[in-house]
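Student: I've got a model open and I'd like to learn how to read it. Could you walk me through a few features?

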Amino acid sequence: MPLVVMCGYPCSGKTRRAEELKAHFEKSTDRQVYSVGDGALGLDRNSVYADSQKEKEARASLKAEVERKVNKDNIVILDSLNYIKGYRYELFCLTKHTQTPHCLVHCLTSGEESSLWNRNRESAEQYGQDIFDALVKRFEAPDSRNRWDSPLFTVLKDDILPLDDISDALFKRKAPPPNQSTQSAIFNAQKTSVPGDLIPVPGATEKVALTRSVNMAELRKLRRQFISYSKMHPTENTSQIANMFVQYLNKGLH
């Protein structure tokens, strides 16, 4: 079932809204509802967000936990900053792979307002001011024109959460189709190509060097291996993911 991605500045009310959604879904559906987030994984936010490598590892852990939970029966709410558009794109690709809908809930606040809420927290729950300011500066606001940020629900602090509209977006919308364009391109090319031909694939500027015939099982295996590799070596440059996959295929098919 669907994935709900929370998004916003630190201390913008994301966890409160995630709890509202969880309570609503538990009351209105018979599905298992999971909340995945920094708190659930026991992450020390100041330690994590002060170290870029630790932060990448934390994002990878959150994504892996979402991947374990998302299926045809569950509802998963990802309660974290999710402030990097490349990371939100990765989450969108995950939903395409599992063929389940998703939506984004953006808790919109000003930096000053969130900073005040942060200072009013208990000291153990606060972000250090330098960490807070850096996260606000790096925040990449969602844009509903991007398919990975849509459907987008923007919520101000005093707004009533549009529960019915969110439910409709998740339960009455078709899941995104799985992305099999590379497989289709290679299979169609094999009908007329000869060994040594370079095969163009959608979304990539580099080409697959087709040196021999390949079957669907082999392509699926290489795809799984590439996904595993990507989790261990995450990139924020989403425009290069397709080319990276082509390079991986060329090595694996030789």
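Tutor: Let's start at proline 151, which lies in the loop between α6 and β5 (helices are DSSP runs of H or I with at least four residues, strands are runs of E with at least two, and both are numbered from the N terminus). Residue numbers start from 1 along each chain as its sequence is written. Keep in mind that this is a predicted model: local features need pLDDT of at least 70, side-chain atom pairs count only at pLDDT 80 or more, totals for chains, interfaces and linings use all residues, and side-chain values use heavy atoms, with hydrogens and water left out.

Student: Is the peptide bond from serine 150 to proline 151 cis or trans?

Tutor: Here's the general idea: most peptide bonds are trans, and most residues other than glycine have a negative phi. The bond from serine 150 to proline 151 is cis, its omega being near 0°.

Student: What about phi at asparagine 82, positive or negative?

Tutor: Positive, at about 50°, although asparagine 82 is not a glycine. You'll find asparagine 82 in the loop between β3 and α4. Its relative accessibility is 3%, so asparagine 82 counts as buried (buried is under 20% relative accessible area, exposed over 50%, partly exposed in between, with a 1.4 Å probe and protein chains only). Glutamine 99 also has a positive phi, about 55°, without being a glycine. Glutamine 99 sits in the loop between α4 and β4; its relative accessibility is 38%, so it counts as partly exposed.

Student: Which residues of strand β5 are on its covered face, and which on the uncovered one?

Tutor: Strand β5 covers residues 152-155; Phe153 and Val155 make the covered face, while Leu152 and Thr154 make the uncovered one. Look next at strand β4, residues 102-107, which pairs with β5 in the parallel sense over four bridges (pairing takes at least two DSSP bridges between two strands). Cysteine 107 stands opposite valine 155 of β5.

Student: And which residues does histidine 106 touch?

Tutor: Histidine 106 belongs to strand β4 and, because its relative accessibility is 7%, counts as buried. Leaving out residues up to four places away in sequence, histidine 106 touches Cys7, Gly8, Phe139, Pro142, Leu152, Phe153, Thr154 and Val155 (a contact is heavy atoms within 4.5 Å).

Student: Which residues of the largest nonpolar core touch the most other members?

Tutor: A nonpolar core is a set of buried Ala, Val, Leu, Ile, Met, Phe, Trp, Tyr and Cys residues joined through side-chain atoms within 4.5 Å. The largest one has 26 residues, and Leu3, Tyr49, Val66, Leu78, Tyr127 and Leu135 touch the most other members. Two or more residues of this core come from each of β1 (3-8), α2 (45-49), α3 (52-69), β3 (75-79), α4 (85-98) and α6 (129-138). Apart from it lies another core, of 17 residues, including Phe25, Val33, Ile77 and Leu161.

Student: Zooming out, how many helices and strands are in the protein chain?

Tutor: The protein chain has ten helices and seven strands. Its C-alpha atoms fill a box of roughly 65 × 40 × 30 Å along the principal axes. Of its 254 residues, 42% count as buried. Among contacts with a separation of 6 or more, 75% involve residues 24 or more positions apart.
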